[in-house]
Amino acid sequence: MQYGALSRMLHQLALGNRFLAEASFDVETLLHRTDPAPVVGRKHVFVAGMARAGTTLLMRRFHATGAFRSLTYRDMPFVLMPSTWAWLSASSGKLARPQERSHGDGLLVDYDSPEALEEVFWRVFAGDRYLRDDRLVPMTADEEIVERFRVYVAAVLRSRRSDPAVRYLSKNNNNLLRLPVLCRAFPNAVVIVPFRDPAPHADSLLAQHRRFVAMHRTDPFARKYMTWLAHHEFGSDHRPFRFPGDTLTYRNRDNLDYWMELWIHTYEWLLGNAPASVVFQGYEDLCANPDEAWSRLAAFAEIPGDVVGAEKITLRCRTVDGPIDAGLKRHGEQVYAGLVERARAGRAPGPGFPATASIAARCAPGLPRVRPGR
């Protein structure tokens, strides 16, 4: 979203000061005394994958069902006191024409578009457990933080919605670092980890990194905004996911091999450490068989498979021009094959899972190909 000078100052006040952010949550809990017990057992949905893996696509489709409440741009910047801010800002009636988001990928957003804003909670209350100056690492949480997160989710659900049975929807890439914590907080939740063919995925990450580095040179607020939201996936404040025992051979962030190695470390770690209840979903499968793949995900979430007005799921193939180290490419393909097997093993009953293949093999003539940079 585009913000004017006054709005930027408000964001600085609400998000840039940790003490005020904590105080806003205290105000929310004091005024509304939200009881999390009724929402702990609900089948909430958490979508958590590396950026550019189809996470936004899945979140928007779940949101379009009307069965979920997710944080939206209308909750900004006081995302830690959703009910109180909804009351305070009710008279503003903010409206905005849909505009393409800063990723330049054709997705339009307005004030009511769901977005990954819950990370503010984790940064404020548990930042020292996973945020480092140069990386993000897996985190654990004690019962106090888990219970506080339950209260926060309950507060989000009660704001702007009157339906007492509404469920929470989250798309948050950093949740990869705390999947067991989510499963402890909400044992019946559906946690979905999208994945994508490694070469085009790495190429997309590189393209976005270059795009955001250029943006941050001319717009310092955009850099601060991403840091406040702990979105370090790319840009001038990029901080990679790092896992116990991993080693980065490639450190040049303007090189495709760097992003390929990050992809391998991330998904290899997930294959070995994600809770058994986590559902893996291939981007290529979702695009090649959208109705079948979505029906299976809807069955997991126990919602109708038909979604009125949802965005069409289409495969947009990338032409990867940059060279990739042969050893990395083989390693990535092996991890990808393991992800496909894990996805197949975790499927609800339904049509068969397509055979493992590279994304290039699945791009039939006539499907749009996307050059690096899109």
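User: Which residues point one way from strand 7, and which the other way?
Analyst: This is a predicted model, so the answers rest on computed values. Val279 and Gln281 point one way from strand 7, while Phe280 and Gly282 point the other way. All of them are buried.

User: In what sense do strand 6 and strand 7 pair?
Analyst: They pair in the parallel sense, over four bridges. Ile192 has Val279 in strand 7 as its bridge partner.

User: On to helix 13. How many residues has it, and how far does it reach?
Analyst: Helix 13 runs over residues 290-301, which is twelve residues. From first C-alpha to last it reaches 16 Å, close to the 16 Å expected at 1.5 Å a residue. Glu302 follows helix 13 and has a positive phi, near 60°.

User: Which residues of helix 13 are buried?
Analyst: Ala293, Trp294, Arg296, Leu297, Ala298 and Ala301.

User: And what covers them?
Analyst: The cover for the buried residues of helix 13 includes strand 1 (45-47), helix 4 (55-64), strand 5 (167-171) and strand 6 (190-195). It also includes strand 7 (279-282) and helix 12 (283-288).

User: What lies over the face of Trp294?
Analyst: Arg61, at 5.5 Å from the ring centre. Elsewhere, Arg178 lies over the face of Tyr130, at 4.8 Å from the ring centre.

User: Change of topic. How many salt bridges does the structure hold?
Analyst: It holds 18. One of them joins the side chains of Asp75 and Arg69, at 3.0 Å from N to O.

User: Are Asp75 and Arg69 buried or exposed?
Analyst: Asp75 counts as buried because its relative accessibility is 1%, under the 20% cut-off. Arg69 is buried too, with a relative accessible area of 5%.

User: What about Glu115, which residue does its side chain meet in a salt bridge?
Analyst: Lys171, at 3.6 Å from N to O. This pair links distant parts of the chain, 56 residues apart. Glu115 is in the loop between strand 4 (108-109) and helix 6 (119-130), and Lys171 is in strand 5. Glu115 counts as buried at 13% relative accessibility, and Lys171 counts as buried at 7%.

User: Where do Arg344 and Glu341 lie?
Analyst: Both lie in helix 14 (residues 326-345), three residues apart, about one turn of the helix. In an α-helix there are 3.6 residues a turn, so residues three or four places apart point the same way. The side chains of Arg344 and Glu341 meet in a salt bridge at 2.5 Å, N to O. Arg344 is partly exposed, with a relative accessible area of 34%, and Glu341 counts as partly exposed at 44% relative accessibility. In another case, salt bridges that share partners join Glu143, Glu147, Arg150 and Arg184 into one network.

User: Aromatics next. How many aromatic pairs turn up in the whole structure?
Analyst: A search finds 22. In one of them, the rings of Phe121 and Trp122 have centres 5.1 Å apart and planes at 90°, so that pair is edge-to-face. Phe121 is buried, with a relative accessible area of 0%, and Trp122 counts as buried at 0% relative accessibility.

User: Why is the pair of Trp122 and Phe149 tilted?
Analyst: Because their ring planes are at 40°, with the centres 4.7 Å apart. Trp122 is in helix 6 and Phe149 in helix 7 (residues 143-158), 27 residues apart. Trp122 and Phe149 are both buried.

User: Which residues do ring pairs link into a cluster?
Analyst: Phe25, Phe46, Phe121, Trp122, Phe125, Phe149, Tyr152, Tyr168 and Phe186.

Definitions and conventions
Residues are numbered from 1 along each chain as its sequence is written. This is a predicted model: local features need pLDDT of at least 70, side-chain atom pairs count only at pLDDT 80 or more; totals for chains, interfaces and linings use all residues. Side-chain values use heavy atoms; hydrogens and water are left out. Helices (H or I, at least four residues) and strands (E, at least two) are DSSP runs, numbered from the N terminus. The expected span of a helix is 1.5 Å times one less than its number of residues. Buried means under 20% relative accessible area, exposed over 50%, partly exposed in between (1.4 Å probe, protein chains only). Contact means heavy atoms within 4.5 Å. Two strands pair if DSSP finds at least two bridges between them. A salt bridge is a side-chain nitrogen of Lys or Arg within 4 Å of a carboxyl oxygen of Asp or Glu. Rings of Phe, Tyr and Trp (its six-membered ring) pair if their centres lie within 6.5 Å; planes under 30 degrees apart count as stacked, over 60 as edge-to-face and the rest as tilted. A charge sits over a ring if NZ of Lys or CZ of Arg is within 6 Å of the ring centre and within 35 degrees of the ring normal.
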